[in-house]
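My entries follow in the order in which I made them.

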Amino acid sequence: MAIISDYQDDENETKPKPKSNPSSSSSSSSSKTLSFNATFDPRTPIGIVERLFDFLVNETDFMAEDTAEREIVAVVKAAKDKVKKKMAEEREREAALKGTESKRLKEEKKREVKAEEKKPEIKEEKKPVIKEEKKFELNKEVKATVKEEPIEVEKEEPIEVEKEEESGAIVPNKGNGLDLEKYSWTQTLQEVNVLVPVPSGTKSRFVVCDIKKKHLKVGLKGQPPIIEGELYKPIKVDDCYWSIEDQNTISILLTKHDQMEWWKCLVKGDPEIDTQKVEPENSKLADLDPETRQTVEKMMFDQRQKQMGLPTSDEMQKQELLKKFMAQHPEMDFSKAKIS
């Protein structure tokens with residue numbers, strides 16, 4: 001880039017070059033305007049300064065004056081001060097921009113936090129327990145007038161549709177029991193059979209089998225018990241026994257005290273089975289006396305009905321009785337009777 005500078009000699013600062021007549025030369029030099037031409041190379045900025053000094057030396061007497069150095073230093077200092085001031089202003093401007101940006105970010109963050117706090121909490125709605133309420137209330141007049149077939153309609157507690165056994169319940173094995181790591185057990189309504197594997201060649205004198213009404217302990221002498229704990233339900237100790245089969249298995253027969261209930265586990269604390277999935281063999285049912293068999297079949301039917309969310313046999317019977325009563329007495333007003 002070319003820079004052209006025009007300089008006018010100052011009468012007080014610049015002296016003309018000495019000629020034959022110094023006084024006339026000075027006056028003519030002071031009114032003369034000189035042109036300075038130079039090319040600026042950004043890679044060597046000091047080059048243009050050197051050319052300027054050469055110009056002053058060749059064309060003026062400025063450099064010969066005593067104040068020349070001081071004035072040049074003052075100009076350089078002023079230029080440096082301008083540079084420093086400009087850099088300081090740049091720094092202040094950058095700091096101000098950073099401060100504004102930081103303040104803006106903080107404000108945005110505060111607004112986001114407030115917005116999050118204002119958001120409504122979404123609460124999970126608890127699913128209502130499905131209930132089938134079977135309540136019947138008859139007017140006193142109806143009760144007083146019914147003589148042919150007196151029916152007592154009792155208030156029943158709300159019947160909850162039982163869900164499947166807890167999430168920890170297990171499907172029973174083919175013998176309606178469970179196969180565990182150290183032993184297995186099966187059951188009928190009357191008995192529980194337990195099989196405990198032991199080392200081959202084990203004899204009865206090495207076995208520890210302690211059977212009590214509510215407690216069972218099975219193992220080998222000198223070793224930790226294989227089974228030990230409180231039984232799920234009481235048993236008839238006098239009707240229980242154990243034996244060694246093939247010298248590698250302890251076989252135990254426990255007779256239930258309540259022979260109308262399925263066990264969920266052998267000893268409390270062990271994994272439990274889902275008793276609603278118990279499937280007694282038909283041949284076993286045939287062996288029962290008619291009354292017991294009828295009770296067992298009714299119990300199995302009720303379990304299936306509950307599992308499907310349907311009324312049990314007792315509930316169905318009460319519904320039928322109510323329908324029959326209403327059919328026999330159409331003149332009566334049952335609008336106030338609560339059937340839910």
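I began with Glu-191, whose bridge partner in β12 is Thr-255. The strands concerned, β7 (residues 191-197) and β12 (residues 249-255), pair in the antiparallel sense over seven bridges; I count strands as DSSP runs (E, at least two residues), numbered from the N terminus, and call two of them paired if DSSP finds at least two bridges between them.

The model is a predicted one, in which local features need pLDDT of at least 70 and side-chain atom pairs count only at pLDDT 80 or more, while totals for chains, interfaces and linings use all residues. Residues are numbered from 1 along each chain as its sequence is written, and side-chain values use heavy atoms, with hydrogens and water left out.

I then traced the open sheet of five strands, and found the order β5-β6-β7-β12-β11 with antiparallel pairing. At its edges stand β5 (178-179) and β11 (241-245), each with a single partner strand, so one side of each is left without a neighbour in the sheet.

Next I followed β8 (residues 207-211) into β9 (residues 215-220), an antiparallel pair with five bridges that forms a hairpin with three residues between the strands. Cys-209 has Val-218 of β9 as its bridge partner, and Val-218 in turn is bridged to Ile-227 in β10. Four bridges join β9 to β10 (residues 227-230), again antiparallel, and in this second hairpin, with six residues between the strands, Gly-222 takes a positive phi near 80°.

Last, I looked up Lys-110, which lies in helix α3 (residues 68-118) and is exposed (over 50% relative accessible area, 1.4 Å probe, protein chains only), at 51%.

Conventions
Buried < 20%, exposed > 50% of the residue type's maximum accessible area, 1.4 Å probe, protein only.
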